[in-house]
Amino acid sequence: MSGSEKKLSFWELMIIGIGQLIGSGIMVLLCIAMGMTGKGVAFSFIVAAVIVIIPLIAMAALGSAIPNSGGMYVYVRDLIGKKTGFFYVTLLVFGQFILAQYAIGVGEYAKELWSNVNVGLISMGVMTFVFIVNLIGLKTSVLLQRFVVVILVGSLLAFVIYGFPQVKDVGSFFQASNILPNGLGSFLAASVLVRFALIGSEFLSEFGGDAKNPGRDIPIAMILSTVCVAVLYVLIAIVAAGVLPIDEVAFKTLGVVAKKILPTWMYFVFMIGGGMFALISSLNAVFAWATKGIKQAIKDGWLPEKLAEENKRFGTAHWLLLMYYLVGMYPILIGQEIKTISVIGTNIGLIFSGFPVVAIMFLAKKRPKEYENAQFKLPKWAMYTIPAISMCIYVIGVLSSWDYLKSQGAITPIIVFCIIVAAYTWIREPYVKNKQSLQKEE
């Protein structure tokens, strides 16, 4: 935005933040988490909110100091190092097999409505449809996103309004035995899982140059939008875990509870508009933004330029979109369960999420002018304390799921992938430095 254009107000930032947060995570992850920790799922959202908000403070400071449109990759590259930046973006790509979670979720919600449908075929069809939509560059995604958010928010509020009076024993959610029915480890693993449903407001950091008062409004909008959505999710969790016995809902979909508490017409709105449309919208959103960081890495010379080649007719990065399509299709084709996809994907997310948070530690030293001029400026001690706390949270999160990751054979592939990428960065670095030197000379 230029100085003459209207800049974003606090409430506009709030709407953007809530729109980013309200999505498919609650539709898929809640019942999985309920199977892991029973009625403790309500408290798991509170813990998840804390896990999300602490790193958000660092993201807000970065967004205020260095507004950019290159994604978190730019922060990591410029503040930590080029090799680390590429390592971060490759982990980000690797973690996007979680795309399958959205597509399978659509299939499972469809099966709730029509019991004879094939979840696998529906999942593959949805993944292919969204891939084609992004490939041909349709410009209706923003309008579709707004429509879906309105339907989804209305559906979730109806779920709470109709369902809360039917909760059998609200007090039971505050009993220690019900909060940790399967132990602390399962509770923490569930909290890490539902953390994914509260991710989104950190992207407000990229509006640092477009907001009226970024130093004040962006941090508040980030935190307040996250808190508001977390409160809504806690209420939804109480309804989901309090109307029917846990074993009737665990590892299924919210549709099981919705069918019990909602009028027939509202039930169909919830399942189609609130469930399936939200999942398709989230899938579409990932395809839309996930190419940005890797495209910048390709521009920097880390990968062959052909990978970022754009279709002449539609102007879309067809090879990168195809890459994400194949990454997302793989778990569907091998018949991976949605719980496995969700847990592995969220834990890879914990790993790569740490890089932008750590980047704040180098802001004052490497970009002193931007740090001093930032409207939202953390004291220097906080720029070390917040990353330290965040990394402890991420490590605890991964350890809480370690046994499950091990049982699914996920640890070895992750380690092997990291070793291969690390070796590749050392081999490719001379070419990257040479390319950047030539660009400077030009």
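1. Helices are DSSP runs of H or I with at least four residues, strands are E runs of at least two, and both are numbered from the N terminus. The helix that gives the most to the lining of the largest cavity is α6, with three residues. Here a cavity is a set of points, on a 1 Å grid over the protein atoms alone, where a 1.4 Å probe fits but cannot get out, and lining residues have an atom within 4 Å of a point.

2. The model is predicted, so local features need pLDDT of at least 70 and side-chain atom pairs count only at pLDDT 80 or more, while totals for chains, interfaces and linings use all residues. Residues are numbered from 1 along each chain as its sequence is written, and side-chain values use heavy atoms, with hydrogens and water left out.

3. The structure holds one cavity of 30 Å³ or more. About 40 Å³ of space lies in the largest cavity, where a volume is the space filled by probe spheres set on the grid points, and points are joined across faces, edges and corners. Which residues line the largest cavity? They are Met27, Val28, Gly105, Glu108, Tyr109, Lys252, Thr253 and Ile338. Both α2 (25-37) and α6 (99-113) supply at least two residues each. By class, the lining has four nonpolar, two polar and two charged residues. In this scheme Ala, Val, Leu, Ile, Met, Phe, Trp, Tyr, Cys and Pro count as nonpolar, Asp, Glu, Lys and Arg as charged, and the others, Gly among them, as polar.

4. The next point is the nonpolar core, a set of buried Ala, Val, Leu, Ile, Met, Phe, Trp, Tyr and Cys residues joined through side-chain atoms within 4.5 Å. Buried means under 20% relative accessible area, exposed over 50%, and partly exposed in between, with a 1.4 Å probe and protein chains only. Of the 155 residues in the largest nonpolar core, Phe45 and Tyr233 touch the most other members. Helix α3 (residues 41-65) gives the most to this core, with 16 residues.

5. A salt bridge is a side-chain nitrogen of Lys or Arg within 4 Å of a carboxyl oxygen of Asp or Glu. How many salt bridges does a search of the whole structure find? The search finds 10. In one of them, aspartate 78 pairs with arginine 367, and the closest N and O atoms are 3.9 Å apart. Aspartate 78 lies in helix α4 (residues 72-79) and arginine 367 in the loop between α18 (363-366) and α19 (368-373), so the pair ties together parts that are 289 residues apart in sequence. Aspartate 78 is partly exposed, at 30% relative accessibility, and arginine 367 is partly exposed at 23%.

6. Arginine 367 also forms a salt bridge with glutamate 370, with the closest N and O atoms 3.3 Å apart. Glutamate 370 counts as partly exposed, at 27% relative accessibility. Through shared partners, salt bridges join Arg77, Asp78, Asp300, Arg367 and Glu370 into one network.

7. A further salt bridge joins glutamate 429 to lysine 83, the closest N and O atoms being 3.2 Å apart. This pair links distant parts of the chain, with glutamate 429 in helix α22 (residues 411-441) and lysine 83 in helix α5 (residues 82-94), 346 residues apart. Is glutamate 429 buried or exposed? Glutamate 429 counts as buried because its relative accessibility is 15%, whereas lysine 83, at 22%, counts as partly exposed.

8. Contact, in what follows, means heavy atoms within 4.5 Å. Asparagine 347 lies in helix α17 (residues 338-359) and is buried, with a relative accessible area of 3%. Not counting residues up to four places away in sequence, asparagine 347 touches Gly397, Val398, Ser401 and Leu405.

9. Glycine 242 is found in helix α11 (residues 214-242) and counts as buried at 7% relative accessibility. Apart from neighbours within four places in sequence, glycine 242 is in contact with Gln166, Val167, Lys168 and Phe173. Glycine 242 and valine 170 are 72 residues apart in sequence and 7.2 Å apart in space, C-alpha to C-alpha.

10. The last point concerns the backbone. Most residues other than glycine have a negative phi. Phenylalanine 251 has a positive phi of about 65° although it is not a glycine. Phenylalanine 251 is placed in the loop between α12 (246-249) and α13 (255-261) and is partly exposed, at 41% relative accessibility.

Technical notes:
On a 1 Å grid over the protein atoms alone, a cavity is a set of points where a 1.4 Å probe fits but cannot get out, and a pocket is an open set with protein on both sides within 12 Å along at least five of seven lines; lining residues have an atom within 4 Å of a point.
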